[in-house]
Amino acid sequence: MIEIKDLHKSYTIGKNALHVLKGINFNVKEGELVAIMGSSGSGKSTLLNILGMLDVADEGTYTLDEFPIKDLNETKAAKYRNKFLGFIFQSFNLINYKSALENVALPLYYQKVPRKERNETAMKYLAKVGLADWASHLPSELSGGQKQRIAIARALAAQPKVLLADEPTGALDSKTSYEVMQLIQEINDEGKTILVVTHEDDIAKMCKRVVQLKDGVIIEDKYVEQVRASDHV
Amino acid sequence: MLIFNRDTWQEIFGSIQKNKSRTIITVIGVLWGIFIYIVLSGAAKGLDNGFEEKFEDVAMNSMFTWAQQTSVPYAGFKTGRPIQLKLKDVQILKTRVPEIQYIAPRIVKGAFGGESGSVVFGQRTGSYSIYGDFPVLSKIATQKIYIGGRFINNNDIEANRKVCVIGERTQKELFAKDVDPIGKFIRIDNVFFRVIGVKKFEDGGGFGDDGDITIPFSTYRKLYNTGNNVGWLAIAAFDDADVMKVEEDVKMVLKKIHQISPEDERAIGSFNLGEIFNKINGFAKGLTFLSLVVGVATIIAGVIGIGNILLISVKERTKELGVRRALGATPSEVRGQIILESVFLTLIAGIFGIVLGSFVLKIIDSATQETDIPYTNPTVPIPYVIGALFIMVVLGTLIGLIPAQRAVSIKPIDALREE
């Protein structure tokens with residue numbers, strides 16, 4: 001599903017060039033649930049941003065579902081993001097003046113899906129995350145766990161090939177974290193490819209594969225025995 | 001099209017509603033601008049109309065001339081000699097100044113100091129200015145006679161008829177309400193005159209009032225024994241003539257006839273409405289221009305306010321815009337949305353401003369209805385309104401470009417990082 005070859009990325013801060021990714025080679029097959037771990041500064045967020053086409057690599061190739069991602073301009077990147085990727089953020093990033101339903105429908109709006117169909121689809125995904133009853137509520141009326149579930153529904157709504165989750169449980173307590181992870185596992189069970197950036201070991205253990213990054217290189221890449229989140233709830 | 005998409009509008013309403021008070025304050029900025037614009041240009045137009053209405057009864061290229069005393073010794077005469085205009089001057093002027101279309105010799109008793117005519121009808125009396133006039137006067141200054149009556153005609157002049165046209169006030173003061181004055185006889189300085197018409201008083205920017213009585217010139221000279229004397233001359237030049245030049249020519253001819261020094265500035269007085277009218281017209285035009293400038297400047301200030309607020313709003317919405325872009329909004333969609341917000345706010349404000357402005361104009365109009373203020377039908381021409389709306393849309397777009405560009409220049413990754 002994802003193929004990355006010899007990825008380099010450096011940032012220039014003042015006079016110093018900060019080499020963040022120093023040749024990453026990394027493949028993800030369809031249906032995988034991958035945890036990307038590393039301390040802060042290890043380059044894990046940069047890697048995710050490049051995967052999410054929010055940032056461009058200096059060197060190396062990136063292929064998504066046998067589709068080479070290169071020569072991106074902003075418009076093209078926006079289209080690809082919309083079509084291929086679903087984002088889940090640490091701080092949920094819901095639009096606070098839109099209802100849960102409208103938030104979920106937003107990626108479909110940018111796909112120019114007609115409003116009725118859009119709302120039906122959004123409702124379906126809200127039901128999937130168990131929040132159909134909360135469709136008309138504003139994010140401010142929801143708890144953190146509920147917000148993240150809305151965000152997951154939104155990421156799913158556009159039926160992306162890959163879900164990218166950046167510290168999805170970073171702002172949640174353990175119990176809610178496990179609930180969210182349970183949802184992510186369920187989605188993965190249905191065959192969706194998911195990448196989770198985290199620095200929490202227990203969250204990483206709930207994935208099927210753990211990739212350790214340190215100082216811009218992968219130091220460890222192993223498949224693990226998945227811990228079901230439902231065991232903790 | 002983005003503009004006709006219901007969803008686009010939903011997005012715009014969503015983000016506008018998000019911050020109601022800010023939206024309202026922003027809108028008030030532009031609303032105030034267009035309001036000022038509408039009220040000012042409407043008021044200027046009203047004044048313009050008012051002046052025009054005041055002068056519509058007087059030929060714009062008309063002038064008056066009268067004789068005074070010489071101030072320069074000339075041809076053996078010493079200074080301070082009083083000059084008297086004569087009826088024969090009229091013919092000479094007509095032949096020597098071809099630009100003259102109409103010339104009406106006039107004479108009056110009472111208007112410029114001196115004794116007014118004492119007028120009696122039945123038990124009622126009054127004193128009024130008595131004018132001796134020729135029918136041609138009506139070509140220079142429209143004489144509005146109430147239905148049933150008429151103005152002096154040539155037969156009256158030739159037959160020295162004792163007929164008169166009275167003013168509205170004269171009628172009110174001499175006649176009871178239910179009495180039709182036409183055909184009645186009134187006594188002017190002990191001579192009976194038949195009333196042939198009642199004149200509606202129009203302020204022509206000169207002398208005269210609503211009590212004036214007009215009698216045939218020929219009758220006047222017999223009644224008051226004035227011979228061939230003329231009080232002053234009312235002259236209308238042809239439409240294409242330059243009334244200022246006519247004024248000069250007329251004065252030169254009169255100076256020649258009455259042996260006045262060409263350098264004598266005081267012997268012959270004159271006054272031309274064209275000049276006055278041009279001045280007033282220029283004033284009204286200047287006012288219109290000023291109101292346009294002020295109005296447009298205020299609109300610009302208001303629209304800049306919208307741009308300013310949208311810039312702040314974009315800053316506040318950095319994260320939201322980042323999320324939208326991460327979810328697949330293209331830069332042009334983001335840009336389009338911000339610009340549409342700007343244009344929409346501008347237009348809404350503009351429409352409210354126009355409505356409010358028209359309302360205020362209406363109030364001013366009815367307040368000045370019964371007054372002397374020259375203010376009539378204060379309208380803003382439709383092209384001005386459309387022009388203002390157009391300017392607003394263009395400015396709204398241009399000013400919207402700034403925050404829109406700002407919004408697009410924020411990379412989604414930076415937007416999302418901003419925690």
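Predicted model: local features only at pLDDT ≥ 70, side-chain atom pairs only at ≥ 80, totals over all residues.
Local features need pLDDT of at least 70 and side-chain atom pairs count only at pLDDT 80 or more, while totals for chains, interfaces and linings use all residues. Residues are numbered from 1 along each chain as its sequence is written, and chains are lettered from A and ligands numbered from 1 in the order in which they are written.

**Sheets of chain A**

Helices and strands here are DSSP runs numbered from the N terminus (helices H or I, at least four residues; strands E, at least two). Two strands pair if DSSP finds at least two bridges between them. Chain A has an open sheet of six strands in the order β6-β7-β8-β3-β9-β10, with mixed pairing. Its edge strands, β6 (85–88) and β10 (217–223) of chain A, each pair on one side only. Neighbouring strands in this sheet are turned by 20° against each other on average, direction ignored. Within the sheet, β3 (residues 33–37) and β9 (residues 209–214) of chain A run parallel and are joined by four bridges. M37(A) has Q212(A) in β9(A) as its bridge partner.

Helix α1 (residues 44–51) of chain A lies across β3, β7 (162–166), β8 (193–197) and β9 of chain A, and runs at about 150° to β8(A). Helix α6 (residues 174–189) of chain A also packs on the sheet, where it touches β3, β7 and β8 of chain A, and its direction makes about 150° with that of β8(A). Such angles run from 0 to 180 degrees between N-to-C directions, with axes fitted as lines to C-alpha atoms, for helices over the stretch in contact. Residues are in contact if their C-beta atoms, placed from the backbone, lie within 7 Å.

An open sheet of four strands in chain A has the order β2-β1-β4-β5 and antiparallel pairing. Here the edge strands are β2 (16–28) and β5 (67–68) of chain A, each pairing on one side only. Ten bridges link β1 (residues 2–13) of chain A with β2(A) in the antiparallel sense, and K9(A) stands opposite L21(A) in β2(A).

**Helix pairs**

| Helix pair | Axis separation | Angle |
|---|---|---|
| α3 (100–110) and α5 (144–157) of chain A | 7 Å apart | about 25° |
| α1 (6–18) and α11 (331–367) of chain B | within 10 Å | roughly 70° |

Angles under 35 degrees count as roughly parallel, over 145 as roughly antiparallel, 65 to 115 as roughly perpendicular and the rest as oblique. α3(A) and α5(A) are therefore roughly parallel to each other. The residues of α3(A) that meet α5(A) include A100(A), N103(A) and L106(A), and those of α5(A) include I150(A) and R154(A). By class, this contact of α3(A) with α5(A) has nine nonpolar, one polar and one charged residues. The classes are nonpolar (Ala, Val, Leu, Ile, Met, Phe, Trp, Tyr, Cys and Pro), charged (Asp, Glu, Lys and Arg) and polar (the others, Gly among them).

In chain B, α1(B) and α11(B) are roughly perpendicular to each other. T8(B), E11(B), I12(B), S15(B) and I16(B) in α1(B) meet Q337(B), L340(B), E341(B) and F344(B) in α11(B). The residues of this contact of α1(B) with α11(B) divide into four nonpolar, three polar and two charged.

**Chain B and burial**

Chain B contains 13 helices and 14 strands. Of its 419 residues, 41% are buried. A residue is buried if 20 or more other C-beta atoms lie within 10 Å of its own, exposed if 12 or fewer, and partly exposed in between, with C-beta atoms placed from the backbone. Among contacts in chain B with a separation of 6 or more, 81% are between residues 24 or more positions apart.

Helix α10 (residues 318–326) of chain B is mostly covered, with eight of its nine residues buried. K319(B), E320(B) and R324(B) are among these buried residues. After α10(B) comes G328(B), whose phi is positive, near 120°.

**Between the chains**

F89(A) is in the loop between β6 and α3 of chain A. This residue counts as buried because it has 23 C-beta neighbours inside 10 Å. Leaving aside neighbours within four places in sequence, F89(A) is in contact with A151(A), D166(A) and L416(B). The C-alpha atoms of F89(A) and E167(A) are separated by 6.6 Å, although the two are 78 residues apart along the chain.

Key
Contact = placed C-beta atoms within 7 Å.
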